[in-house]
Amino acid sequence: EMCIRDRVSTQSTGDLLYDCGTSLNPTVDIGQVEGGFVFGLGYYTSEQLFYDTTTGTCTTDGTWEYKPPSAQDIPIDLRVSLLKNSSNPNGVLSSKAVGEPPLGVSCSVMFALQQAITSARSQFSASGYFDFNTPASIDQIQLSSKWTYQNFFF
């Protein structure tokens with residue numbers, strides 16, 4: 001969900017089905033999948049680095065400027081399931097990697113935001129291609145949607 005006027009973007013639900021082979025510890029594996037997905041949410045939506053053009057020094061070196069995901073960024077309803085009856089004959093005890101692969105699934109948030117922006121643009125008579133890169137910050141979402149304060153006046 002996104003509210004361009006209030007400059008808020010939230011992910012209210014998420015359903016993830018992950019193939020981890022034969023799980024060595026399902027609780028840990030589910031936590032790893034959740035962590036990888038939330039890490040990706042931050043990567044795709046809020047983690048933007050800026051550098052000083054003269055010195056090359058990173059200027060977003062603290063949480064005042066650099067915004068990693070927080071508890072409020074986690075989907076309210078995040079459901080993770082592990083694929084049943086799956087094994088990896090080449091893995092340790094038939095398991096598969098769990099930590100990093102869910103990061104790739106979080107790109108689905110970018111596609112959902114792009115669809116929402118396309119819908120918002122149609123309400124403001126702006127159609128066609130628009131450039132939409134990561135991270136999808138609130139500022140970029142607002143600019144891409146063509147929303148301005150004048151949209152409140154009829």
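Cys-20 is buried, at a relative accessible area of 1%; buried stands for under 20% relative accessible area, exposed for over 50% and partly exposed for the range in between, with a 1.4 Å probe and protein chains only. Cys-58 has 25% relative accessibility and counts as partly exposed. The structure holds 0 disulfides, a disulfide being a pair of cysteine sulfur atoms within 2.5 Å.

The model is predicted, with local features requiring pLDDT of at least 70 and side-chain atom pairs counted only at pLDDT 80 or more, while totals for chains, interfaces and linings use all residues. Residues are numbered from 1 along each chain as its sequence is written, and side-chain values use heavy atoms, with hydrogens and water left out.

The protein contains 4 helices and 4 strands; these are DSSP runs numbered from the N terminus, helices being H or I with at least four residues and strands E with at least two. Their order along the sequence is β-β-β-α-β-α-α-α. Of the 154 residues, 31% are buried. Among contacts with a separation of 6 or more, 67% are between residues 24 or more positions apart, where contact means heavy atoms within 4.5 Å. The accessible surface is about 10100 Å², and carbon and sulfur atoms hold 55% of it; such areas come from the Shrake-Rupley method with a 1.4 Å probe, and for residues only the protein chains shown count as cover.

Charged side chains come next. Side chains of opposite charge can pair when their charged atoms come close. The rule used here asks for a side-chain nitrogen of Lys or Arg within 4 Å of a carboxyl oxygen of Asp or Glu, and the count by this rule is 3 salt bridges. One of them joins Arg-79 and Asp-15, at 2.5 Å from N to O. Arg-79 is in strand E4 and Asp-15 in strand E3 (residues 13-18), so this pair ties together parts that are 64 residues apart in sequence. Arg-79 is partly exposed at 41%, whereas Asp-15 is exposed at 52%. Arg-79 also forms a salt bridge with Asp-77, where the closest N and O atoms are 3.3 Å apart. Asp-77 itself is partly exposed, with a relative accessible area of 29%.

Another salt bridge is made by the side chains of Asp-19 and Lys-96, with 2.8 Å from N to O. This pair links distant parts of the chain, 77 residues apart: Asp-19 is in the loop between E3 and helix H1 (26-45), and Lys-96 in the loop between E4 and H2. Asp-19 is partly exposed at 27%, as is Lys-96 at 32%.

The loop between strand E4 (77-82) and helix H2 (101-105) also holds Val-92, which is exposed with a relative accessible area of 62%. Leu-24, Val-92 and Leu-93 form a nonpolar surface patch with about 350 Å² of accessible area together. Patches are built from residues with over 30% relative accessible area and no salt bridge, joining like charges within 9 Å and nonpolar side chains (Val, Leu, Ile, Met, Phe, Trp, Tyr) within 5 Å. Asn-85 is in the loop between E4 and H2 too and is exposed at 86%. Its phi is positive, near 55°. Most residues other than glycine have a negative phi, and most peptide bonds are trans.

In helix H2, Leu-103 is partly exposed at 27%. The C-alpha atoms of Leu-103 and Phe-37 are 5.1 Å apart, although 66 residues separate them along the chain. Not counting residues up to four places away in sequence, Leu-103 touches Gly-36, Phe-39, Gly-40 and Tyr-44.

Tyr-44 also takes part in an aromatic pair. The whole structure has 2 aromatic pairs; rings of Phe, Tyr and Trp (its six-membered ring) pair if their centres lie within 6.5 Å, and planes under 30 degrees apart count as stacked, over 60 as edge-to-face and the rest as tilted. Tyr-43 and Tyr-44 have ring centres 5.0 Å apart and planes at 80°, so the pair is edge-to-face. Tyr-43 is partly exposed at 45%, while Tyr-44 is buried at 16%.

The loop between H3 and H4 holds Pro-135, which a cis peptide bond joins to Thr-134, with omega about -5°. Ser-137, in the loop between helix H3 (108-123) and H4, is buried at 15%. Leaving aside neighbours within four places in sequence, Ser-137 is in contact with Thr-45 and Gln-48. In H4 (residues 138-145), Gln-140, Ile-141, Gln-142, Ser-144 and Ser-145 are buried. Lys-146 follows H4 and has a positive phi, near 70°.
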